[in-house]
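Here is a short tour to read with the model open beside you.

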Protein chains: 2
Amino acid sequence: MARYTLHCFAQSGNAYKVALYLECSGLDWAPVHVDYFKGATRSADWRAENNEMGEAPVLETDGKRLTQSGAILCYLADTTGQFAPDDRTEALRWILFDNHKFTSYFATWRFMKSFGPAPPEPAVETFLRGRIDAAFGVVEKHIAARDFMLGAKPTIVDFSMIGYLYFGPEETGYDLPAQFPAIHAWTQRMQGLPGWKGPYDLMPGERLASKW
Amino acid sequence: MARYTLHCFAQSGNAYKVALYLECSGLDWAPVHVDYFKGATRSADWRAENNEMGEAPVLETDGKRLTQSGAILCYLADTTGQFAPDDRTEALRWILFDNHKFTSYFATWRFMKSFGPAPPEPAVETFLRGRIDAAFGVVEKHIAARDFMLGAKPTIVDFSMIGYLYFGPEETGYDLPAQFPAIHAWTQRMQGLPGWKGPYDLMPGERLASKW
């Protein structure tokens, strides 16, 4: 059995944050597929056994089941030293911003657009796009001035924040190179890390056609 | 000068999370009013001097300016020991859930409903209420089984998660005692802590009438 077992599925950028970290860190890990699209993470069994929040990913290691990608990345940086930030408070500040405003609205928008039961209402699209553009504007400016979020070296903050940025325009409706060139250049730098793979190559699960 | 200076305003539940922690911890702190409703946090000066994310609160201490309530609470627990969690990963898991799904949608909804430039569109209201109800459902179940989020003792997780729960139904449109009785009972337990004050008594800023 691998040292780390990650319950994940290919469409989950939150799972990808952890999967990519494990792979680029050269850690002994194995994925287990979660059938999210059949409601696995929202079932009573999942909530009782894995995560009462009804979410993936879940990382099994050392007799524990850890959830929330940001908490998992902090735990892994603390226990392995890989991609650990020099300044924990600064790292946490960006991981919180990521969960609150950067990944959050973008992931929600892409899910509704591509995999939801109905296309997003125009008012909801306007709401989400306004928030995405504001958060992406903050990061575009920040990352234009440095190689990685906390400076010269990649850290867990980068693994958190790039989680949804390798899904293509057919899923997200965003053209990163044209709209956010500094963010795009940063994803390319991350792509240069040894071990880098895209979400559909790193985690189990069939590609799905976008619905809307 | 106080040991801790908190840039805040009465309507900000995110600032309140830190203000209430400082007050209940008996720490030497002073508030400075941020004129959020005149756009202070989104100005170029604010972004350059205080927080490039364009947000409050900001905590000044020890020559640093810290932002993001969750990162500030972790920093304060680490450096003062007050309300520190026994399990940091478990604490972070809930603080991330709070920022992503619990405070996040509820705060956004209450702001749009009470203080935004226009009432929320019905589709946006449906979107936000669905997410609020799901996140509140998770917490209602969790807190019904224990006194505080991590067990018998209050920690920074509780200070984070109750940040918006003392704003009344006239601002939030939610009737906590009727809709989420376990969450309401938990806010009452927190209200029993020595030093507890409501947001309008703890932070500067005029009360505003709800607009919609």
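Two strands are taken to pair if DSSP finds at least two bridges between them. Please keep in mind that this is a predicted model.

**The sheet**

With that in hand, look at chain A, where four strands form an open sheet in the order β2-β1-β3-β4, with mixed pairing. Its edges are β2 (29-33) and β4 (64-67) of chain A, each of which pairs on one side only. On average, neighbouring strands of this sheet are turned by 25° against each other, direction ignored. For a closer look at one pairing, take β1 (residues 4-8) and β3 (residues 58-61) of chain A, which run in the antiparallel sense and share three bridges. Which residue of β3(A) is the bridge partner of A:T5? That partner is A:E60.

**Two domains in chain A**

The domain assignment divides chain A into domain 1 (4-83 + 196-202) and domain 2 (88-191). Their centres, taken over C-alpha atoms, are 19 Å apart. Where the two domains of chain A touch, each contributes 16 residues to the contact. On the domain 1 side, α1 (13-24) and α3 of chain A each supply at least two residues, and α1(A) has the largest share, with six residues.

**Where chain A meets chain B**

The contact between the chains takes 24 residues from chain A and 24 residues from chain B. On the side of chain A, β4, α3 (69-80), α4 (88-115) and α5 (122-144) each supply at least two residues. Which of the elements gives the most to this side? It is α4(A), with eight residues.

The table sets out the two contact sides by residue class.

| Side | Nonpolar | Polar | Charged |
|---|---|---|---|
| Domain 1 of chain A, touching domain 2 of chain A | nine residues | six residues | one residue |

**How the copies are related**

Chain A is superposed on chain B by a rotation of 180° with 0.0 Å of shift along its axis, at an RMSD of 0.0 Å. The two copies are therefore related as by a two-fold rotation axis. Both copies use the same surface, since 100% of the contact residues of chain A recur in chain B.

Note on methods
Residues are numbered from 1 along each chain as its sequence is written. Chains are lettered from A and ligands numbered from 1 in the order in which they are written. This is a predicted model: local features need pLDDT of at least 70, side-chain atom pairs count only at pLDDT 80 or more; totals for chains, interfaces and linings use all residues. Axes are lines fitted to C-alpha atoms, for helices over the stretch in contact, and angles run from 0 to 180 degrees between N-to-C directions. Two residues are in contact if their C-beta atoms, placed from the backbone, lie within 7 Å. Domain bounds come from an automatic or database domain assignment. Ala, Val, Leu, Ile, Met, Phe, Trp, Tyr, Cys and Pro count as nonpolar, Asp, Glu, Lys and Arg as charged, and the others, Gly among them, as polar. Copies are superposed by least squares on the C-alpha atoms of residues with pLDDT of at least 70 in both.
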